[in-house]
Amino acid sequence: MPSAPQLTTILRAWPTVLLFSALCLALAVVVSLVQPLEYSSTTKILITPKVDGVDPYTASRSAESAADQLATMLSTSSIYAAVFNAGYDVDRDYFPEDILKFQKKWEKTVVTSVTRGSGIMTIKAYHTDPSEAEAIVSAVAYVYVTDGWRYATGDISVQVIDDPVNSRYPVRPNILVNAFSGLFLGLIAGCGYVLIQADRIRRQHRIVHSNE
């Protein structure tokens, strides 16, 4: 929190602070708009360990562990190949040929999260075409349902519990969030600039007075 004198300095220089905020806001919006607008498609799968005679807690931990393993395996070449060959016509040309660039693009396109204690994995894909995003999450879910046991320790069963749901509007980049972040950073930058300039002027005055 700025002190009372600092707050007074900031309030007196409010046009400068406002200018910084407006510039950062405009920059954030421009950067957001020049990026491709992406839609999302989301589905959920349930991973269930085939273990008899264990207590619910152990079964829950086993399901969570299997879900984590499947999530980790998503960035492997065997999953890539299986997804493109799953019969959902996922556009391979959307991803770069170079393997390192491919992995970066893939990790930004397909995101998973595991609901702790439930064995539920949420699979989300982002794409400029919502039908392509749906094809990707459907293919990933299909691979896990049919061959999930290959990628996890222990015998498991995988089933889709939520059909893919596509966003109606682009969700990335989030222009509102980026604009608010730009406005906030501009406010901080503007206040910092004003305080630094005020401190510099005070020091110059001290030097002048000390030399008189």
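Q: A salt bridge is a side-chain nitrogen of Lys or Arg within 4 Å of a carboxyl oxygen of Asp or Glu. Which residue meets Asp 68 in a salt bridge?
A: This is a predicted model: local features need pLDDT of at least 70, side-chain atom pairs count only at pLDDT 80 or more, and totals for chains, interfaces and linings use all residues. Residues are numbered from 1 along each chain as its sequence is written, and side-chain values use heavy atoms, with hydrogens and water left out. Side chains of opposite charge can pair when their charged atoms come close. At 2.9 Å, N to O, the partner of Asp 68 is Arg 116.

Q: How many residues apart in sequence are the parts that Arg 116 and Asp 68 tie together?
A: Helices (H or I, at least four residues) and strands (E, at least two) are DSSP runs, numbered from the N terminus. Asp 68 lies in helix H3, while Arg 116 lies in the loop between S2 and S3. The pair therefore ties together parts separated in sequence by 48 residues.

Q: What is the distance between the closest N and O atoms of Arg 116 and Glu 64?
A: Arg 116 also forms a salt bridge with Glu 64. This pair links distant parts of the chain, 52 residues apart: the loop between strand S2 (110–115) and strand S3 (120–127), and helix H3 (residues 56–73). The closest N and O atoms are separated by 3.2 Å.

Q: Is Glu 64 buried or exposed?
A: Buried means under 20% relative accessible area, exposed over 50%, and partly exposed in between (1.4 Å probe, protein chains only). Arg 116 has 52% relative accessibility and so counts as exposed. Asp 68, at 26%, is partly exposed. Glu 64 has 15%, so it counts as buried.

Q: Which helix holds both Asp 199 and Arg 202?
A: The structure holds 6 salt bridges. One of them joins Asp 199 and Arg 202, with 3.8 Å between the closest N and O atoms. Asp 199 is partly exposed at 25%, and Arg 202 is partly exposed at 41%. The two are 3 residues apart, about one turn, in helix H7.

Q: Which pairing of planes do Phe 84 and Phe 102 show, stacked or edge-to-face?
A: Rings of Phe, Tyr and Trp (its six-membered ring) pair if their centres lie within 6.5 Å; planes under 30 degrees apart count as stacked, over 60 as edge-to-face and the rest as tilted. The structure holds 11 aromatic pairs. In this one the centres are 6.1 Å apart and the planes lie at 65°, so the pair is edge-to-face.

Q: Over which ring does the charged end of Arg 172 sit?
A: A charge sits over a ring if NZ of Lys or CZ of Arg is within 6 Å of the ring centre and within 35 degrees of the ring normal. Arg 172 is also joined to Pro 173 by a cis peptide bond, with omega about -10°. Its charged end sits 3.8 Å from the centre of the ring of Tyr 126.

Q: What is the relative accessibility of Glu 38?
A: Glu 38 is found in the loop between helix H2 (14–34) and strand S1 (39–49). Contact means heavy atoms within 4.5 Å. Not counting residues up to four places away in sequence, Glu 38 touches Tyr 94, Tyr 126, His 127, Thr 128, Pro 170, Val 171 and Arg 172. Glu 38 counts as buried, with a relative accessibility of 12%.

Q: What is the relative accessible area of Asp 89?
A: Asp 89 is placed in the loop between H4 and H5. Its phi is near 55°, a positive value in a residue other than glycine. Asp 89 is exposed, with a relative accessible area of 68%.

Q: What distance separates the C-alpha atoms of Gln 103 and Thr 76?
A: Gln 103 is found in helix H5. It is partly exposed, at 27%. Along the chain, Gln 103 and Thr 76 are 27 residues apart, and their C-alpha atoms are separated by 8.7 Å.
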